[in-house]
Amino acid sequence: MTRGSVRFLWRDSRGTNGFRAAVSLHSHTMHSREGLGFVPRYASRVPFLAWELDRQGRRYRAFHGTPPDFSAAYWTPPLPGRAAFDVERSQIEDGLNLSAIVSLTDHDNIEAGSQLQVLERQIPISVEWTMPFNETFFHLGVHNLPFKAVRDLMSALIGYTQRPEAGLLRELLARLDQQSGVLIVLNHAMWDQSGVGAARHRLALRSLIESLGNRIHALELNGLRPWEENRMVLDLARDRGCTLVSGGDRHGREPNAVINLTNAATFAEFADEVRSGWSHVLFLPQYREPLGLRILQTMSEALGDCPDSAGRERWTDRVFYAPREGEFVPLSSVWKAGPPLARWFVTGVKFAASHRVQRALRMLAVGDQEFAV
């Protein structure tokens with residue numbers, strides 16, 4: 001049985017009353033590898049960018065003999081683990097006057113949580129696991145992995161990602177479900193990340209929930225996905241009797257736009273609440289901002305300088321590609337400021353993300369959408 005609520009702080013400034021703590025789930029650090037395979041698909045929608053990308057692609061092919069492979073490149077978010085943790089904790093403690101519980105989830109990587117747990121034992125070790133399923137893949141937030149078994153569990157999870165097999169998936173989810181204090185969340189369930197098409201993605205999603213849904217503890221309402229998509233997750237949860245939790249999906253410096261409220265003192269206690277069907281989700285004011293502008297700001301932060309990060313000061317230090325299979329090197333090893341197309345793109349993003357342009361774009365945005373639950 002699912003019991004809980006979905007709240008919007010801009011509608012009720014007293015929405016946090018009666019709770020002692022808030023939980024920030026699903027945010028990323030410099031340890032996440034964010035793929036660039038989407039670039040040609042998105043660039044094709046912008047005429048000049050599509051033309052320039054094609055021109056640069058032809059030059060690349062003439063020199064290297066093969067077309068550029070964007071799937072063999074990735075970027076990493078700007079914040080190290082401590083800074084990412086503090087961004088989330090500060091929003092909760094200073095902005096909401098609640099105790100903070102923060103779970104960082106990098107893509108298939110647990111280094112941030114592992115390093116922080118050395119300093120603060122109560123910080124959970126968590127991961128956003130890439131889980132191939134049928135013809136697509138999903139992301140599972142696996143929170144609060146047990147310290148003594150974390151390396152073995154991660155090895156098993158990565159092993160499935162590399163060589164998926166249905167029987168092994170059932171065994172892995174059963175093993176995780178049996179761990180006390182672990183929380184398994186299906187992140188941004190409606191997002192067709194692999195590009196198989198909305199209809200085929202939803203068929204795979206239905207198959208996943210029908211076959212393994214009892215091992216997944218909650219569906220995520222995501223702070224960086226449009227409300228229309230979150231609304232579909234709400235409907236799915238009601239139809240299937242699933243519990244809902246928050247997931248901010250922060251990649252830049254803006255703290256998560258959706259969190260959970262709780263009276264738990266530890267993450268394990270919070271996980272037990274959710275697993276029993278209790279969950280109170282709170283959307284924060286930044287979620288009302290136009291999503292395109294928020295994503296643009298994240299891109300600007302990712303492409304900005306990080307003077308306090310030794311070896312990662314420039315954006316070209318944080319973008320990697322593989323000149324040879326299995327060998328990733330930073331873009332700065334080839335270009336100081338990036339290739340011409342990238343320099344043009346970076347300049348455009350930074351201009352569009354400037355405060356003056358952001359104010360103008362915000363004024364042009366159509367009125368508030370209705371956040372119906």
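Helices are DSSP runs of H or I with at least four residues, numbered from the N terminus. By that rule A204 lies in helix 7, residues 198-212. The model is predicted: local features need pLDDT of at least 70, side-chain atom pairs count only at pLDDT 80 or more, and totals for chains, interfaces and linings use all residues. Residues are numbered from 1 along each chain as its sequence is written, and side-chain values use heavy atoms, with hydrogens and water left out.

A204 has a relative accessible area of 3% and is therefore buried (under 20%, 1.4 Å probe, protein chains only). Leaving aside residues up to four places away in sequence, A204 touches F133, N134, T136 and F138, where contact means heavy atoms within 4.5 Å.

F85 is 119 residues from A204 in sequence and 34 Å from A204 in space, C-alpha to C-alpha. F85 also belongs to the contact between helix 3 and helix 4, together with G81 and R82 of helix 3 and A112, L116 and L119 of helix 4. Helix 3 (residues 81-95) packs on helix 4 (residues 111-119) at an angle of about 80°, with the axes 9 Å apart. Axes are lines fitted to C-alpha atoms over the stretch in contact, and angles run from 0 to 180 degrees between N-to-C directions. Helix 3 is therefore roughly perpendicular to helix 4 (65 to 115 degrees).

Helix 5 (residues 150-162) and helix 6 (residues 166-177) pack at about 155°, with axes 10 Å apart. The two are therefore roughly antiparallel (over 145 degrees). D152, L153, A156, L157 and Y160 of helix 5 meet L168, L169, L172, R175 and L176 of helix 6.

Notes. Buried < 20%, exposed > 50% of the residue type's maximum accessible area, 1.4 Å probe, protein only. Parallel < 35°, antiparallel > 145°, perpendicular 65-115°, else oblique.
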